[in-house]
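Dear colleague,

I am handing over the structure we spoke about, with its sequence, so that you can look at it before reading my notes.

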Amino acid sequence: MHHFHYRNDELYCEDVPLRTIARDAGTPCYVYSSATLQHHFRVFDSAFEGMPHITCYSVKANSNLAILAIFAALGGGADIVSGGELFRALRAGIPADRIVYSGVGKSRDEIDYALRENIMMFNIESIQELDAINDRAAALNTRARIALRVNPDVDPKTHPYISTGLKKNKFGIDIEEALKTYARAREMSHIEILGIDCHIGSQLTDTAPFIEALKRLKLLAGRLKESGISIRYLDLGGGLGIPYHDELPPPPREYADAVTRELGDMSCTLILEPGRVIVGNAGLLLTQVLYEKKTPSKQFMIVDAGMNDLIRPSFYGAYHHIQPVVHKDRESLVVDVVGPICESSDFIAKDRELPVMKPGELMAVMSAGAYGFCMASNYNSRPRAAEVLVKENQFFVTRKRESREDLVLNESVPGFIGEMAR
Ligand code: LLP
C-alpha cells in the first residue's frame, strides 16, 4: 500500500498535489510519503513479532536524514556499509547498539570510528578484515563484537549485478571456510563472536532462496555449537523484493512465516536488513517534460531528470512505472523517455507505451524511493535534485536542491595556473 493516488484526475502524495510540490520545490525532485514509510516499516517489523528480532533498516537504500529519523523514531536499527552511513545513522538518532556494519572494504579509519561509537556488531567479510578489526580493537583497548558474513552459495534468481551470495561474488566468507575462521576468531583477544550473517541479493521475489540460505546457516550454527561456539544473533540480510511492474514478491508476513518455520526451535535473535521493501514504493521522482522529439525511427520524450538522478534503468535495465501527474483522456504513443545527459544510456524508459505528455507537463516516475537519490551523481555538472517529505497536507524539503555554487564548493584552482596566463 502506498499513498500516491489520483484525486479529481490529479496525482497526490497523501493530501498534497504533486503540482504544488513541483511549483515550490522545482523539478526534478524526489517525493516521499511519510505515511507509506511508517506503514511499510511497521508491516515489516511486526511480521516478525513472534521472534526476538531487530529490524536494521539498510541505510544504502535511501539515506536521507529525515527518513532515517522516522525509522529511529519507530525503534529501528541500521545496517551500514561505510563511515558515512554510520555518521548519518547516528545523526538521525539511531542508537549505536542497534547498528550492524557490513561491507568488504572497511578502512582502518572507518573501523576505528565504529569501534569508538561502540556499534552493535561488525559483519566480517574476510580473514584479513578480521585481523584488522582485532588489531584496531586492541589499539583502542576495546573488544569488537562480530558476526562472520558467510557466502552460502545460493542463487537468489535476481539481476546478476545485485546477486551477492553466489560463490563467484566478492561478498562474505565461503561457508566451508567459515568454521576455520570462527575458530581463529575465538582465539583473538579483542574479538567477541556474536553471530552469523548472510545477505544473498536484492529484489528477491521468492522465499525459497532465503530459506535455502537459512538452512545452510543453521547447519553452520549446529557445527559451531559442537565446537563450543554459541551463536546469539542470526543476521539474514535484506533483499525482499517489491512490485515495480508485474512482479509478485511475497509480502513480509509470508517471508517472516517461512523464516520462523525454518528456524524451528533454534533460539537466537534475528537481525533483518530490509531496504527496498520499506522505501522503494514510498517515493517517486517528479520530473517535467522539456521537449518532444521525433526522429525517423523513434519518438522521444525528453524530461528534466537524467540518469544522474535515477540510474536504475540505465544500470540494471530496471523498469519504473511512469504516470502523468494530470490524468486526462489522451492518445498513447510508444516512446523513449530520456534525460538531458550526453549518453545514449540516459533513459528512464524505452519503447514504452505512454499517454502523450506535452512540454511543461509533469510526470511521476514511480517506485523510486530505493536506490534513487542515494545513487545520484553530479555527472554533466547537474546539481542533485531536491528531496521532499510529505506528511498529510504538509510537505517539507528534507534536502534542498544543490546550487551551481555547491558543484564547485570543494574545488580549487592552484596558483600556478593563474601564473600560466601571464
Ligand atoms: N544488507 C546488505 C548487506 C546489502 O548489501 C543490501 C543491499 C541490503 C541489506 C539491502 O537490500 P534490499 O533489502 O534493499 O534489497 N542498487 C541496486 C540494489 C543494490 C543492493 C545492495 N545491497 C538496485 O538499485 O537495485
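Domain 1 (4–31 + 280–407) and domain 2 (33–277) each contribute residues to the shell around the ligand, and the ligand therefore lies between them. Please bear in mind throughout that this is a predicted model.

The space that the ligand takes up is the largest pocket. Around the ligand there are 18 residues, of which S202, E273, R312, Y316 and Y371 come nearest, and the residues of this shell divide into 5 nonpolar, 7 polar and 6 charged.

As for individual atom pairs, an N or O atom in the side chain of S202 is 2.4 Å from an oxygen atom of the ligand, while a nitrogen atom of the ligand is 2.7 Å from an N or O atom in the side chain of Y316. For H199, the distance between a side-chain N or O atom and a nitrogen atom of the ligand is 3.5 Å. The ligand taken alone exposes 590 Å², and the protein buries 92% of that area.

The structure holds 4 cavities of 30 Å³ or more, and the largest cavity contains about 60 Å³ of space. The residues that line this largest cavity are C198, I200, F210, A213, L214, L236, Y255 and V259.

With best wishes

Note on methods:
Residues numbered from 1 in each chain as written. Predicted model: local features only at pLDDT ≥ 70, side-chain atom pairs only at ≥ 80, totals over all residues. Heavy atoms only, no water. Near = heavy atom within 4 Å. Polar contact = N/O pair within 3.5 Å; in protein donor to acceptor, adjacent residues only side chain to side chain. Areas by Shrake-Rupley, 256 points an atom, 1.4 Å probe, with all protein chains shown as cover. 1 Å grid on protein atoms, 1.4 Å probe; cavity = no way out; pocket = protein on both sides within 12 Å on 5 of 7 lines; lining within 4 Å. Sits in = over half its atoms within 2 Å of the grid points. Nonpolar A, V, L, I, M, F, W, Y, C, P; charged D, E, K, R; others polar. Domains from an automatic or database assignment. Points joined across faces, edges and corners; volume = space filled by probe spheres on them.
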